[in-house]
Structures are given as C-alpha cells and as structure tokens.
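Good morning, colleagues. Please take a moment to look at the sequence and the structure before I take you through the metal sites.

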Number of protein chains: 2
Amino acid sequence: MDIVQQIRDKGLKATPARQLVYAELTRSHMAYSHAELEALFLDIDRVTLYRILKDFEDAGLVHKVFDTQGSTRFAICHHTCPGKHHAENHVHFNCNDCGRMFCLQAVQTPEINIPGGFRVAGMHTLIYGSCEKCNQLTDKNEPTDKIQEVIV
Amino acid sequence: MDIVQQIRDKGLKATPARQLVYAELTRSHMAYSHAELEALFLDIDRVTLYRILKDFEDAGLVHKVFDTQGSTRFAICHHTCPGKHHAENHVHFNCNDCGRMFCLQAVQTPEINIPGGFRVAGMHTLIYGSCEKCNQLTDKNEPTDKIQEVIV
DNA sequence: AAGTAAATGCAACAATGTTGCGTTTAAGAT
DNA sequence: ATCTTAAACGCAACATTGTTGCATTTACTT
Ligand SMILES: [Mn+2]
Ligand SMILES: [Mn+2]
Ligand SMILES: [Zn+2]
Ligand SMILES: [Zn+2]
C-alpha cells in the first residue's frame, strides 16, 4: 500500500517529514535511535521528530524499544502487527560493534515459567553480539562505520 | 561475610554512604532506580550516589539493568556472580503496577537460535506483569504504594 | 598521630526529552 | 480553485538524567 495512505489511515496528516521517516523505517526494517534519524534527516526539527515518533507509536505504525545502552529506538510495525504491543512478539538484536539494532521479525519471544506469585503479561528479549556485516568486516579488519540497508 | 569487608575486598573504601547503599541492595534483592535510592537516602548527595553505583558496577558488586521504561536500575550481584556480566545470566521481572523490579536469580535466560549471520554474545530477558504483592492488593482493592522487603 | 590517595559536595555542564505558543499547512468543504 | 480549520510545525524555554572539574574531607596505611 501507498505510504501516504498508510499514514492517513491512522488519522494522521501525511506531511513531508512524516513520509520521509515512515519510508525510511519501512525500507530498512531496523530500530533507529533518535540520533540516527536526526542525522538522516537534518532538515527535520528535533522536536518535530520527537512528536512524529510519538504520534506514530500511538497510532501503532511503529514500536518503541530500548537497546543494550538503555537508549530509545523506533522500528516499523510489521503489516500483521496487532497494534501498540507489536514489539513484544519478536526478538531484537543489538550489534555491539556498529551499534545497529535489528527487529528479528521471524523470531518469536520464548516461553518462560517463573516461580512465585508473578502474573506475566509479556516479555522483552534483547540479544546482543555482532551482526553479519561486522562479523565479515572483523575478519577482514575493515572499518564498520557505514549504515546500510538490511532486511531481516 | 561482613559488608565493610566485601567493599574493601574490591579495593574501595567502605564509606558510610557506600555501606548504606550496599546494605540496602543486599537486603532487598531488588533492582533499584536512582530515584528510589535517592528517596531512601536523602542525605547522600546525588552525584555521590551516581559515583557509588558506577564504582560498585565497575567492581562487580552490582549490575546495571534497564526496566520497561528504559530507566536505569541497579541490583546486587549474587555471591556466585562471575563479575560485571552477572545481569546476563538471569531473568528480571518488572511490575507494571508498583513499578518495582525483581532479580529472578533462580531463572536463567533461555537459549534462542536466531537465523542469519548474527554472532550471539548474550541476551537480556525482561518479563513484565504484576508482582505477587500487587496481585493480592488488586484482588482486595487496596493501595500499592509501599516498598517492602522481597527475597526472590 | 601523620600522610596520602580516594571519596565527597557543590556548581557547572551535557544529553535527552517535554511543553507552550505563534505560525504554517494538509485535507476536506465550498 | 479557493476557503476553512484542525493538525502539525518551528522555536524557545524548561525538565530530567547523567557527567565533569575542583576544592575539601575522610578512610586507610604506616
Ligand atoms: Mn521490533
Ligand atoms: Mn539482576
Ligand atoms: Zn554490526
Ligand atoms: Zn507490584
């Protein structure tokens, strides 16, 4: 479906800034930090970007997750997403080397039994290590500074 | 072992503030936010508290974790702790109602196979829901504002 | 008891996120 | 096509969380 229409379908105006952000998140399937998005879209105001991400999250277009440093990141919601709690269904991977974070849409969060009187509502699973790109680059002793397209 | 000696064994001076913080973390086995500790120890300077927690973490006395809000929390390291990466061995539970966070020392993080060229170094498992106390209080429609001792 | 490196307290700064408000604009109605 | 208006934007100001520099104090060694 058209990006403009997807934004409008959530009751939001399809402004240029929103189209840019949504297109990028859709394209790369990665979880972006605020800093990463600011660097990508230098002409979008910092506050506007905060509000766009908040609006997208409330609308269920994106989900918010935290990386291993506790920094906030945003990623697109898959088309079969059940709404704002989408992030809880799948596992995330954070690369220690390049810092990028991936939504592993195909990997569901595991089942865990915990003792005591806890009532479980959901869980977050964050795996860390090094991504495919960084594995290869480490082997070749090359720099790992570029952010490139990845589909997981 | 004596608290003073445990702190000294890591090459740190056993100051009054450090003894207070370490004793509390040892007693409750919970993961405390900075705000919770500040409220508990009003006479400890804010910056000093930051430095105490950083020093404890570097020394392997405590581990740092993030809760469902992305807020930083600190918890004691178990006596059989392998050092700074202690937090990665066990599961954490964050109560949606009272906000408290528990170290489930007895619950190991699960094994997960992920596709692609990712090299896994470790994982964080954060479960959320409501704790035993809040379950009971919800049933009885009572307030849930008190922080009390819990051993998990 | 004295000496010294470590720790503390305070102020200033930095990073991240929020709020208020006047201006601009997207999208529906005419 | 133009008008209308609620929504979105841009900017400044503020709030929260965490860090750094430095003068003073204190825990531990001798
Ligand atoms: Mn995701
Ligand atoms: Mn823990
Ligand atoms: Zn990488
Ligand atoms: Zn609770």
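**The manganese sites**

Donors here are N, O and S atoms within 2.8 Å of the metal (3.2 Å for Na, K and Ca), and water is not among the atoms, so sites may look incomplete.

This is a predicted model, in which local features need pLDDT of at least 70 and side-chain atom pairs pLDDT 80 or more, while totals for chains, interfaces and linings use all residues. Residues are numbered from 1 along each chain as its sequence is written, chains are lettered from A and ligands numbered from 1 in the order in which they are written, and side-chain values use heavy atoms, without hydrogens and water.

Because H63(B) lies in strand β2 (residues 62–66) of chain B and C103(B) in strand β5 (residues 101–108) of chain B, the pair ties together parts 40 residues apart in sequence. Strands are DSSP runs (E, at least two residues), numbered from the N terminus. H63(B) and C103(B) are both buried, meaning under 20% relative accessible area with a 1.4 Å probe, protein chains only.

What does β2(B) pair with? Its partner is strand β3 (residues 72–76) of chain B, antiparallel over five bridges; pairing requires at least two DSSP bridges. K64(B) stands opposite F74(B).

In chain A, H63(A), H90(A), H92(A) and C103(A) coordinate the manganese ion (ligand 1) at 2.0 to 2.2 Å.

Conventions
Helices (H or I, at least four residues) and strands (E, at least two) are DSSP runs, numbered from the N terminus. Buried means under 20% relative accessible area, exposed over 50%, partly exposed in between (1.4 Å probe, protein chains only).
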